[in-house]
Amino acid sequence: MLGNAVGDASRHKNLNCSLLFRQSEGCIYDVVQYMLDKFHSHFPNNELQKLGYYTLNQERLEKLVGTETVSIYYLDLILTSYCNINCTYCKFPIEKSKISFDDVQKIIVKGKQDGLSFVHITGGEATLHEDLPSIVTQLQNQNIRKLLTTNLHKSSDYYTALFDVGLDEINISYDGPKGKQERISDCAKVLKVITTAQAKNVVCRINMTITENNCQHFLDNILYMADIGASDIKPVTAVLDSINLDQVKKVLQPQIEKLLGNQNCEKYPILTFRLPRLIEKEFRGIHTNMPKCYFLLDDVCRDSKWYYPCMIHLREKSEKICHVSEADVQQKRQDYYNDFVPSKCKICIENCPDFMVYFNTLIKEAKSGNF
Ligand SMILES: C[S@@+](CC[C@H](N)C(=O)[O-])C[C@H]1O[C@@H](n2cnc3c(N)ncnc32)[C@H](O)[C@@H]1O
Ligand code: SF4
Ligand code: SF4
C-alpha cells in the first residue's frame with residue numbers, strides 16, 4: 001500500500017500522461033492507462049514534487065510505469081575519479097582517471113539525441129577537471145539541466161563563474177561548522193557561495209555526512225545551514241564498517257525530534273523526508289520484495305572506463321554493467337535491467353538509499369496495479 005495517499009477522482013480528468021504509448025497500440029495502452037488512472041486516484045500528483053529530490057518527479061514516474069525499454073534521462077557523470085582531499089569516511093574509489101573533454105562532448109551530444117535531460121557532475125572532485133566550465137557551457141548549449149556536487153575547495157569566484165555559464169544546481173558537501181571538519185573549514189566561503197547562488201537562482205543544497213565525530217552537533221549544524229540560506233539539506237549517516245550506528249542514532253534522536261517539531265522544517269523537503277528515516281532501524285536498504293530496479297531503465301552512471309548500475313554500486317566497488325568502449329552499451333543495459341533483481345543483491349539490500357527505495361516502490365506498485 002502507498003502510505004496514506006488520498007484519492008481524488010477529479011485528477012483522472014486532468015491526467016497529463018507523458019507515456020510514449022499511442023492509442024493505436026490498443027490493449028497495451030489501455031492496460032497501462034488503466035493502471036495509471038488507478039494510481040493517480042490513490043496518489044496525489046504533487047506528492048513527488050514535494051519530495052524535492054532532483055529528478056524524482058511525476059512525469060518520470062509515469063514514463064517508467066509504462067516501459068520496460070532502456071533509455072537515458074539522468075546521468076551520474078564521474079568526471080574525475082581523483083580528489084584533492086581524503087575524507088576519513090570516503091569509500092569512493094580514488095584513482096587517477098578522468099573523462100576527456102572530447103569524450104564528454106560525445107556523451108552530451110549522443111545523450112541529448114537519446115533524451116538526456118539531467119546530468120549530475122561528480123567525482124572524486126569534479127572541479128579538479130580543467131574543462132569543467134566548458135563542460136557546463138556545453139550542457140547549457142544543449143539545454144540539459146546540470147547539478148554539481150563539490151567539496152567547495154575552489155575559490156568562490158570559480159563557483160560564480162560556473163553559475164554564470166549555466167550551472168543550475170550545486171550540492172555542497174559540508175558537515176557543518178561544529179564537530180570534526182572533514183572538508184570545508186571556511187564557513188565564510190560557504191556563506192558567500194550560497195548567497196551568490198541564491199542571487200543567481202541556482203538551487204544550492206548541502207550534503208551533510210554524519211559520523212560519531214559530529215552527530216552530537218547535528219541540530220546546531222542543521223540550524224546553521226538553514227540560517228545561511230541553503231535551499232535544502234540532505235543529511236546522511238556515513239556508510240562505514242567502523243561506525244557505531246546504534247550509538248549515532250541514539251545521539252541523533254532527541255535532536256531530530258526537536259527539528260521535526262519546528263514548522264520551518266517543511267521548507268526543506270529533502271530534509272523533511274530524511275529526518276525521521278535517519279533514526280529508523282532500517283534506514284537504508286531494501287527490506288521487501290523488489291523484483292526490478294526501475295532506475296536502470298533511464299538512469300546511467302559512468303566514469304572514464306565503466307558503466308555502473310548506480311552510484312551505490314560504484315561506491316561499494318560492486319558490479320559494473322560494461323566497459324564504455326563496448327559497441328552495444330544500450331543492449332548491455334537492457335540485459336542488465338532484465339536480469340537484475342535488487343532484492344537478491346547484497347549491495348541493494350544493505351545500501352539502497354531511502355529515496356530510491358521509495359521511488360522504486362511507487363513504480364512497482366503502479367506497474368502491478370496494486371495500490
Ligand atoms: C563521493 S563525494 C564526491 C563529490 C565531492 N568530492 C564531494 O565530496 O562533494 C559525494 C558525496 O558522497 C558522500 N560520501 C562519501 N563517502 C561516504 C560514505 N562512506 N557514506 C556516506 N556518504 C559518503 C560525501 O559526503 C559527498 O557528499
Ligand atoms: S571530498 Fe568527496 S571525493 Fe573527496 S575524499 Fe571527500 S567525500 Fe571523497
Ligand atoms: S542500490 Fe538501489 S538504485 Fe542502486 S541498483 Fe540497487 S535498487 Fe537500484
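Visitor: In this predicted model, which residue in S3 is the bridge partner of His120?

Guide: His120 belongs to strand S2, and S2 is joined to S3 by 4 bridges. The two strands run parallel. Within this pairing, the bridge partner of His120 in S3 is Leu147.

Visitor: Which residue stands opposite Ile121?

Guide: Strand S1, residues 74-80, is also joined to S2, by 6 bridges, and S1 and S2 run parallel. Ile121 lies in S2, and the residue that stands opposite is Leu77.

Visitor: Through which helix does the chain cross from S1 to S2?

Guide: The path from S1 to S2 forms a β-α-β crossover, which is right-handed. S2 and S3 also take part in a right-handed β-α-β unit, there with helix H5, residues 132-141. Between S1 and S2, the helix is H4, residues 101-114.

Visitor: Why is S2 described as largely enclosed by the rest of the structure?

Guide: Phe118, His120 and Thr122 point one way from the strand, whereas Val119, Ile121 and Gly123 point the other way. The residues on both sides are buried. S2 is therefore largely enclosed by the rest of the structure, the number of its buried residues being 6 of the 6.

Visitor: Which elements give two or more residues to the shell around ligand 1?

Guide: The ligand is surrounded by 18 residues, the closest being Ser173, Asn207, Thr209, Ala238 and Val239. The elements that give two or more residues to this shell are strands S2 (118-123), S3 (145-150) and S5 (203-210).

Visitor: How many residues of this shell are charged?

Guide: The shell around ligand 1 contains 8 nonpolar and 8 polar residues. The number of charged residues is 2.

Note on methods:
Residues numbered from 1 in each chain as written. Chains lettered and ligands numbered in written order. Predicted model: local features only at pLDDT ≥ 70, side-chain atom pairs only at ≥ 80, totals over all residues. Near = placed C-beta within 6 Å. Nonpolar A, V, L, I, M, F, W, Y, C, P; charged D, E, K, R; others polar. Buried ≥ 20, exposed ≤ 12 C-beta atoms within 10 Å, placed from the backbone. Pairing = 2+ DSSP bridges. Right-handed = clockwise from strand over helix to strand, strands pointing away.
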